[in-house]
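I wanted to write down what I found in whole sentences.

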Amino acid sequence: RTVSVPMYQPMSREQFEAGSAIWPMVFHESKKEQVRQDFDDQIEELVNTHFDNFTRDHQVCILGADGTLIAHGDTDTTHPLGHSVIKAIDSASKVIEPPAYLCTDLIVFCREEPCLMCAMALLHSRIAAIVFEKPRECDRPFSHPINLQSQAGLNHYYKAYHASREK
(Lines give C-alpha, C1' and ligand atoms only; values in the text may rest on other atoms or scores of the structure.)
Protein backbone atom coordinates (compact mmCIF):
# COMPACT_ATOMS: atom_id res chain seq x y z
CA ARG A 1 0.00 0.00 0.00
CA THR A 2 1.32 3.46 -0.90
CA VAL A 3 0.61 6.41 1.37
CA SER A 4 1.21 10.05 0.47
CA VAL A 5 3.11 11.91 3.17
CA PRO A 6 3.71 15.64 3.56
CA MET A 7 6.76 16.89 1.68
CA TYR A 8 7.37 19.91 3.94
CA GLN A 9 7.21 20.66 7.63
CA PRO A 10 3.83 21.88 8.90
CA MET A 11 3.47 25.66 9.06
CA SER A 12 0.14 25.69 10.89
CA ARG A 13 -1.64 23.65 13.54
CA GLU A 14 -4.13 22.43 10.87
CA GLN A 15 -1.32 21.15 8.63
CA PHE A 16 0.30 19.43 11.62
CA GLU A 17 -2.92 17.66 12.60
CA ALA A 18 -3.62 16.53 9.03
CA GLY A 19 -0.05 15.29 8.55
CA SER A 20 0.13 13.59 11.96
CA ALA A 21 -2.81 11.41 11.03
CA ILE A 22 -0.62 9.64 8.43
CA TRP A 23 2.98 10.27 9.50
CA PRO A 24 4.77 11.07 12.80
CA MET A 25 5.52 14.79 12.87
CA VAL A 26 6.86 17.45 15.21
CA PHE A 27 5.35 20.92 15.26
CA HIS A 28 6.80 24.08 16.75
CA GLU A 29 4.24 26.88 16.68
CA SER A 30 5.65 29.92 14.95
CA LYS A 31 5.35 33.19 16.82
CA LYS A 32 4.88 34.78 13.39
CA GLU A 33 1.84 32.59 12.63
CA GLN A 34 -0.60 34.88 14.46
CA VAL A 35 0.81 37.88 12.60
CA ARG A 36 0.32 35.99 9.33
CA GLN A 37 -3.24 35.07 10.27
CA ASP A 38 -4.03 38.68 11.19
CA PHE A 39 -2.59 39.80 7.84
CA ASP A 40 -4.62 37.15 5.99
CA ASP A 41 -7.76 38.35 7.79
CA GLN A 42 -6.94 41.95 6.83
CA ILE A 43 -6.52 40.96 3.16
CA GLU A 44 -9.79 39.02 3.21
CA GLU A 45 -11.60 42.04 4.63
CA LEU A 46 -10.08 44.34 1.98
CA VAL A 47 -11.05 41.93 -0.80
CA ASN A 48 -14.62 41.62 0.47
CA THR A 49 -14.93 45.38 0.89
CA HIS A 50 -13.04 46.82 -2.08
CA PHE A 51 -12.02 44.31 -4.78
CA ASP A 52 -15.09 44.59 -6.99
CA ASN A 53 -15.32 48.39 -6.67
CA PHE A 54 -11.66 49.06 -7.45
CA THR A 55 -11.18 46.50 -10.23
CA ARG A 56 -14.44 47.41 -11.98
CA ASP A 57 -12.80 50.42 -13.65
CA HIS A 58 -9.10 49.48 -13.62
CA GLN A 59 -7.03 46.37 -14.30
CA VAL A 60 -4.67 47.01 -11.36
CA CYS A 61 -5.15 49.02 -8.16
CA ILE A 62 -2.60 49.71 -5.42
CA LEU A 63 -4.05 50.19 -1.94
CA GLY A 64 -2.77 51.27 1.43
CA ALA A 65 -3.20 48.89 4.37
CA ASP A 66 -6.38 50.75 5.34
CA GLY A 67 -7.95 50.20 1.90
CA THR A 68 -7.23 53.69 0.55
CA LEU A 69 -6.71 53.71 -3.22
CA ILE A 70 -3.15 54.96 -3.85
CA ALA A 71 -2.84 54.39 -7.61
CA HIS A 72 -4.20 52.37 -10.51
CA GLY A 73 -3.01 51.22 -13.90
CA ASP A 74 -4.39 49.97 -17.18
CA THR A 75 -2.60 48.38 -20.13
CA ASP A 76 -1.09 50.72 -22.72
CA THR A 77 -1.06 48.66 -25.92
CA THR A 78 1.09 51.27 -27.71
CA HIS A 79 4.19 50.45 -25.64
CA PRO A 80 5.87 47.05 -25.06
CA LEU A 81 6.31 47.84 -21.35
CA GLY A 82 2.82 49.27 -20.99
CA HIS A 83 1.61 46.46 -18.74
CA SER A 84 -1.06 47.50 -16.23
CA VAL A 85 1.12 46.57 -13.22
CA ILE A 86 4.03 48.68 -14.49
CA LYS A 87 1.66 51.60 -15.12
CA ALA A 88 0.23 51.27 -11.58
CA ILE A 89 3.72 51.23 -10.00
CA ASP A 90 4.62 54.29 -12.06
CA SER A 91 1.45 56.08 -10.90
CA ALA A 92 2.13 55.13 -7.27
CA SER A 93 5.70 56.44 -7.51
CA LYS A 94 4.29 59.88 -8.25
CA VAL A 95 2.06 60.06 -5.16
CA ILE A 96 4.06 58.17 -2.52
CA GLU A 97 6.00 60.42 -0.13
CA PRO A 98 8.91 60.74 -0.54
CA PRO A 99 8.61 60.10 -4.29
CA ALA A 100 10.06 56.69 -5.08
CA TYR A 101 9.20 53.45 -6.80
CA LEU A 102 8.98 51.65 -3.44
CA CYS A 103 5.46 50.53 -2.59
CA THR A 104 6.44 49.21 0.84
CA ASP A 105 3.54 47.61 2.72
CA LEU A 106 1.02 48.35 -0.04
CA ILE A 107 -1.45 45.82 -1.42
CA VAL A 108 -2.09 45.24 -5.12
CA PHE A 109 -5.41 44.13 -6.59
CA CYS A 110 -5.30 42.71 -10.15
CA ARG A 111 -8.09 41.42 -12.32
CA GLU A 112 -5.62 38.94 -13.82
CA GLU A 113 -2.49 37.27 -12.46
CA PRO A 114 0.45 39.37 -13.68
CA CYS A 115 3.17 38.08 -15.98
CA LEU A 116 6.57 37.18 -14.53
CA MET A 117 8.08 40.55 -15.48
CA CYS A 118 5.33 42.41 -13.61
CA ALA A 119 5.52 40.02 -10.65
CA MET A 120 9.25 40.82 -10.39
CA ALA A 121 8.52 44.56 -10.67
CA LEU A 122 6.15 44.18 -7.71
CA LEU A 123 8.86 42.31 -5.82
CA HIS A 124 11.37 45.10 -6.47
CA SER A 125 8.73 47.63 -5.39
CA ARG A 126 8.48 45.87 -2.01
CA ILE A 127 4.71 45.37 -1.94
CA ALA A 128 3.19 43.46 0.96
CA ALA A 129 0.70 41.37 -1.02
CA ILE A 130 -1.03 40.82 -4.34
CA VAL A 131 -4.60 39.64 -4.86
CA PHE A 132 -5.58 38.51 -8.36
CA GLU A 133 -8.85 37.15 -9.64
CA LYS A 134 -8.10 35.32 -12.88
CA PRO A 135 -5.05 33.01 -13.09
CA ARG A 136 -2.87 33.17 -16.18
CA GLU A 137 -3.19 30.36 -18.72
CA CYS A 138 0.59 29.73 -18.78
CA ASP A 139 3.82 31.01 -17.21
CA ARG A 140 2.11 31.55 -13.86
CA PRO A 141 4.59 33.30 -11.52
CA PHE A 142 2.73 32.33 -8.32
CA SER A 143 2.30 28.62 -9.10
CA HIS A 144 4.51 25.58 -9.55
CA PRO A 145 7.27 25.52 -10.78
CA ILE A 146 8.08 29.24 -10.40
CA ASN A 147 6.46 30.10 -7.01
CA LEU A 148 8.03 33.55 -7.07
CA GLN A 149 6.57 34.52 -3.69
CA SER A 150 8.61 31.80 -1.96
CA GLN A 151 11.95 31.77 -3.79
CA ALA A 152 14.69 31.37 -1.18
CA GLY A 153 17.29 33.46 -3.01
CA LEU A 154 15.25 36.66 -3.09
CA ASN A 155 15.71 39.48 -0.59
CA HIS A 156 11.99 40.33 -0.34
CA TYR A 157 8.83 38.27 -0.19
CA TYR A 158 5.19 39.12 -0.60
CA LYS A 159 2.04 37.11 -0.23
CA ALA A 160 0.03 36.11 -3.28
CA TYR A 161 -3.70 35.42 -3.06
CA HIS A 162 -6.01 34.04 -5.71
CA ALA A 163 -9.39 35.66 -5.07
CA SER A 164 -11.75 32.96 -6.24
CA ARG A 165 -14.94 34.91 -6.94
CA GLU A 166 -17.65 32.32 -7.43
CA LYS A 167 -21.00 33.91 -8.07
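My entries on these topics follow.

I noted at the start that this is a predicted model, in which local features need pLDDT of at least 70, side-chain atom pairs count only at pLDDT 80 or more, and totals for chains, interfaces and linings use all residues. Residues are numbered from 1 along each chain as its sequence is written, and side-chain values use heavy atoms, with hydrogens and water left out.

**Serine 84**

I found serine 84 in helix α3, which covers residues 84–95 (helices, H or I, of at least four residues and strands, E, of at least two are DSSP runs, numbered from the N terminus). Serine 84 counts as buried because its relative accessibility is 12% (buried means under 20% relative accessible area, exposed over 50%, partly exposed in between, with a 1.4 Å probe and protein chains only). Beyond its neighbours within four places in sequence, I listed Gln59, Val60, Gly73, Asp74 and Thr75 as its contacts, meaning heavy atoms within 4.5 Å.

**Aromatic rings**

I then looked for rings of Phe, Tyr and Trp (its six-membered ring), which pair if their centres lie within 6.5 Å; planes under 30 degrees apart count as stacked, over 60 as edge-to-face and the rest as tilted. The count by this rule is 4 aromatic pairs. Phenylalanine 16 and phenylalanine 27 are stacked, at 5.4 Å centre to centre with 20 degrees between the planes. Phenylalanine 16 is in helix α1 and phenylalanine 27 in the loop between α1 and α2, so this pair ties together parts 11 residues apart in sequence.
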